[in-house]
Amino acid sequence: MTRKLSFSGAINEALHQEMERDETVFILGEDVAKMGGDFGITKGIWEKWPNRAYDTALSEQAILGLCNGAAVCGLKPVAELMFADFVGVCYDQLINNAAKLCYMYDGQASAQIVVRAVTGGGIRCAYHHSQCIEPWLMNIPGLVIVAPSNAYEAKGLLVGSIRNQNPVVFLEHKLLYNTKSEVPEELYDIELYKAKVVKEGSDITIVAAMTMMAFAEKAAKELEKEGISVEIINPLTIFPLDKETIVDSVAKTGRLVVVQEGPKVMGYAAELGAMVVEDIFEYLKAPLKRVTSLDVPVPFAPVQEDYVLPHYDDVIKACHEVMAF
Amino acid sequence: MALTKDRLWKVYRDMVLIRRFEEEVEKYAQNGTIPGFIHLSIGQEAAQAGVVEALKYTDYKFPDHRGHGAIVLSSPQERRKNCMSEIFAKESGINHGRGGSMHVNDLEARNMGFNGIQGSTVVTCLGTAFDSYYRKANKMEGWEADDKDLDVTAVFMGDGTLGEGTCHESLNMAATWNLPIIYCLINNHYAISTHYTESHPQQQLSTWGKGYEVPSFTVDGNDIEAVIEITEQAAERARKGEGPTLIEFMTYRWQGHFSGDPAAYRPDGELEAWQAKCPLLQTKKKLMEVHGYSEEELDALHAEVEEEIQGYVKFSLESPSPKAEDAMKFVYMDREVEGR
Ligand SMILES: Cc1ncc(C[n+]2csc(CCOP(=O)(O)OP(=O)(O)O)c2C)c(N)n1
Ligand SMILES: [Mg+2]
């Protein structure tokens with residue numbers, strides 16, 4: 001049975017249900033146990049399983065280190081990074097340890113861990129609590145980055161991430177926590193490494209993730225009225241990217257617009273652009289357009305943050321430009 | 001506590017094995033057969049052999065970059081030659097030549113390998129220690145009995161590495177949760193060229209542990225009996241769930257930081273003074289003077305180790321290189337990565 005559930009409720013439910021099913025899954029992080037997390041995502045777990053929910057010191061390196069070691073022994077840790085920006089503090093454990101363990105252990109063991117990281121801007125929290133960190137991690141073979149855009153995806157992808165044998169950074173956009181969608185009550189998982197064709201179309205491919213999906217969907221409706229048919233793709237797994245689905249779509253439409261919340265330089269949009277130029281140059285009818293944040297830290301003052309983050313109007317403008325080319 | 005005659009004999013043999021292993025590795029590093037960086041542990045054999053001796057096969061060991069000794073002794077006899085051929089970058093290497101000197105691991109023997117980033121394993125080891133702690137707390141299969149011992153984790157770290165924040169996060173967390181960890185702090189006085197008193201305010205680094213309320217000790221790291229005694233006590237506490245211990249083993253590396261470093265930063269006479277405190281010589285003396293072993297018996301031991309080591313070397317030299325395209329394996333557990 002399905003019913004409407006919030007994005008945060010869906011993540012909470014995924015944790016409860018998967019922990020019920022698998023006793024090797026546990027959670028740890030700052031304030032995740034007794035308080036149920038800063039954003040309330042892990043509520044009720046400690047009450048149910050006091051020995052499977054751990055409040056830690058402010059020690060992100062120790063948290064991630066513990067995850068890596070415990071995973072090699074067969075446990076399945078789910079750690080919370082209160083803000084994805086804190087990846088910087090435990091970067092080494094992610095890129096030099098988690099991402100390398102499978103390689104180092106010759107495939108005999110790996111860091112089957114999930115790092116839930118609260119990401120993205122829009123809450124007026126300035127440059128240390130608002131960043132999109134996926135490009136910081138996309139150059140690291142061995143890592144997986146997952147980014148749901150609604151409650152249904154959040155539940156299924158979190159379960160898929162916990163069951164995935166590699167280290168997964170699970171991005172939770174804070175602006176999505178209160179958004180609702182239809183979510184099945186039963187436990188289910190969504191396969192990683194597969195992009196979703198959210199809507200089929202023939203003129204332009206828009207690739208967007210997390211909150212940017214709302215821009216893409218709105219733009220598709222608006223452009224439809226002008227007779228422009230948009231295909232929307234949500235990568236869901238941002239790294240490694242589902243090249244086939246994306247490239248196939250762009251080969252069909254001949255036009256690619258990527259809407260990405262983070263700064264433009266070396267964002268994942270750049271990789272998508274390189275992919276299509278390298279693989280299907282002859283199919284392209286227009287240059288790639290990237291709608292992104294400006295290349296500055298995320299500022300605090302609301303007028304400034306709004307100025308810097310991607311603008312919906314720019315999505316429409318980009319689409320018009322690729323059509324007019 | 002003096003070791004029994006037989007046990008002292010056994011660990012003396014272990015130390016001789018390390019010494020000869022390292023000397024051969026150095027020879028083949030110097031002549032270019034072994035690629036990459038090599039960090040030798042000559043002079044520090046007692047701390048490695050003693051810690052491994054005090055542990056069980058099923059205890060977790062995290063050797064550090066200067067860890068060939070702990071590595072080779074952790075593996076059972078039949079896989080020791082593969083530890084050496086790993087350093088030679090060969091297919092027969094215990095990790096098929098994927099890691100080399102710094103990353104030799106043997107999961108079956110619970111040698112968890114080293115991560116080339118100093119201090120990194122000092123937090124990873126929280127996880128192996130946490131594993132049995134968690135299984136016991138949740139009465140998971142095989143862990144139902146209240147009196148079941150925890151698996152101990154021993155992590156090696158140098159005096160320089162203690163400057164990494166990870167070491168402090170780890171001590172704090174392990175002490176708070178009483179995790180079964182032995183922090184084996186190998187104080188060989190130098191981090192590359194920097195003397196430990198130039199980078200830490202303390203004269204003895206074990207004092208770091210006190211702030212975390214971790215029982216902390218400084219012992220002569222060249223006295224194998226002292227090493228085994230203190231490590232066994234720490235292991236016993238850890239197994240019973242009484243928490244971590246920090247042990248500072250005072251010792252000295254005879255070579256430079258890496259094979260080829262002339263170590264010009266050391267004052268004249270320092271090396272010679274430490275060579276006089278050679279852990280092998282000290283133990284040999286005890287074996288002869290206290291336990292009555294003869295020169296001939298010791299010669300026979302040396303000859304036996306020599307034959308063993310020459311076997312490893314021959315095996316390493318004769319083993320083929322791994323296939324180049326195998327570099328693409330095991331990036332992910334469940335998906336392939338495209339090769340050339
Ligand atoms: C994070 C990090 N910083 C620096 C290095 C380079 N490095 C490797 S070993 C070493 C010195 C380590 O000294 P110590 O911990 O005392 O161990 P020792 O070499 O004396 O055995 C340094 C600086 C490194 N590998 N990782
Ligand atoms: Mg040192």
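How many nonpolar, polar and charged residues line the second largest cavity? In this predicted model, the lining of that cavity has 5 nonpolar, 3 polar and 2 charged residues, and the legends below begin with a view of it.

**View 1. The second largest cavity is lined by residues of chain A.** About 40 Å³ of space lies in the second largest cavity. Its lining is made up of Glu134(A), His173(A), Ala209(A), Met210(A), Thr211(A), Met212(A), Val259(A), Gln260(A), Glu261(A) and Tyr268(A). Strand β13 (residues 256–263) of chain A supplies the largest share of this lining, with 3 residues.

**View 2. The largest cavity is lined by residues of chain B.** The structure holds 3 cavities of 30 Å³ or more, and the largest cavity has about 60 Å³ of space. Around the largest cavity stand Leu8(B), Asn222(B), Asp223(B), Ile224(B), Glu225(B), Gln282(B), Thr283(B) and Lys286(B). Two helices of chain B, α9 (224–239) and α11 (279–289), each supply at least two residues of the lining, and α11(B) gives the most, with 3 residues. Sorted by class, the lining of the largest cavity comprises 2 nonpolar, 3 polar and 3 charged residues.

**View 3. The magnesium ion (ligand 2) is held by donors from chain B.** Asp159(B), through OD, Asn188(B), through OD1, and Tyr190(B), through O, coordinate the magnesium ion (ligand 2) at 2.1 Å. Along the chain, the donors of this ion follow the spacing D-x28-N-x1-Y. Because Asp159(B) lies in the loop between β2 (153–158) and α6 (165–177) of chain B, whereas Tyr190(B) lies in strand β4 (residues 190–191) of chain B, the pair ties together parts that are 31 residues apart in sequence. Both Asp159(B) and Tyr190(B) are buried.

**View 4. The largest pocket lies between two domains of chain A.** The largest pocket has a volume of about 800 Å³. Of the 20 residues that line the largest pocket, those closest to its centre are Phe239(A), Pro240(A), Leu241(A), Glu271(A) and Met275(A). Domain 1 (4–182) and domain 2 (196–323) of chain A both give residues to the lining, and the pocket therefore lies between them. Helix α9 (residues 268–280) of chain A gives the most to the lining of the largest pocket, with 5 residues. The lining of the largest pocket divides into 12 nonpolar, 2 polar and 6 charged residues.

**View 5. A cis peptide bond joins Phe239(A) and Pro240(A).** Most peptide bonds are trans, whereas the bond between Phe239(A) and Pro240(A) is cis, with omega about -10 degrees. Pro240(A) sits in the loop between β12 (237–239) and α8 (243–253) of chain A, and both Phe239(A) and Pro240(A) are among the lining residues closest to the centre of the largest pocket.

**View 6. Leu236(A) has a positive phi.** Most residues other than glycine have a negative phi, but phi of Leu236(A), which is not a glycine, is positive, at about 60 degrees. Leu236(A) is found in the loop between β11 (230–234) and β12 of chain A. With a relative accessible area of 3%, Leu236(A) falls under the 20% limit and therefore counts as buried.

**View 7. Arg124(A) and Val303(A) are 179 residues apart in sequence.** In space, Val303(A) and Arg124(A) are 9.8 Å apart, C-alpha to C-alpha. Arg124(A) is found in the loop between β5 (114–119) and α5 (134–137) of chain A, and its phi is positive, near 60 degrees, in a residue other than glycine. At 28% relative accessibility Arg124(A) counts as partly exposed, whereas Val303(A), with a relative accessible area of 66%, is exposed because its value is over 50%.

**View 8. Helix α1 (residues 5–30) of chain B has 26 residues.** From its first C-alpha to its last, α1(B) reaches 37 Å, close to the 38 Å expected at 1.5 Å a residue. The helix is followed by Gly32(B), whose phi is positive, near 90 degrees.

Technical notes. Residues are numbered from 1 along each chain as its sequence is written. Chains are lettered from A and ligands numbered from 1 in the order in which they are written. This is a predicted model: local features need pLDDT of at least 70, side-chain atom pairs count only at pLDDT 80 or more; totals for chains, interfaces and linings use all residues. Side-chain values use heavy atoms; hydrogens and water are left out. Donors are N, O and S atoms within 2.8 Å of the metal (3.2 Å for Na, K and Ca); water is not among the atoms, so sites may look incomplete. Helices (H or I, at least four residues) and strands (E, at least two) are DSSP runs, numbered from the N terminus. Buried means under 20% relative accessible area, exposed over 50%, partly exposed in between (1.4 Å probe, protein chains only). On a 1 Å grid over the protein atoms alone, a cavity is a set of points where a 1.4 Å probe fits but cannot get out, and a pocket is an open set with protein on both sides within 12 Å along at least five of seven lines; lining residues have an atom within 4 Å of a point. Grid points are joined across faces, edges and corners, and a volume is the space filled by probe spheres set on the points. Ala, Val, Leu, Ile, Met, Phe, Trp, Tyr, Cys and Pro count as nonpolar, Asp, Glu, Lys and Arg as charged, and the others, Gly among them, as polar. Domain bounds come from an automatic or database domain assignment. The expected span of a helix is 1.5 Å times one less than its number of residues.
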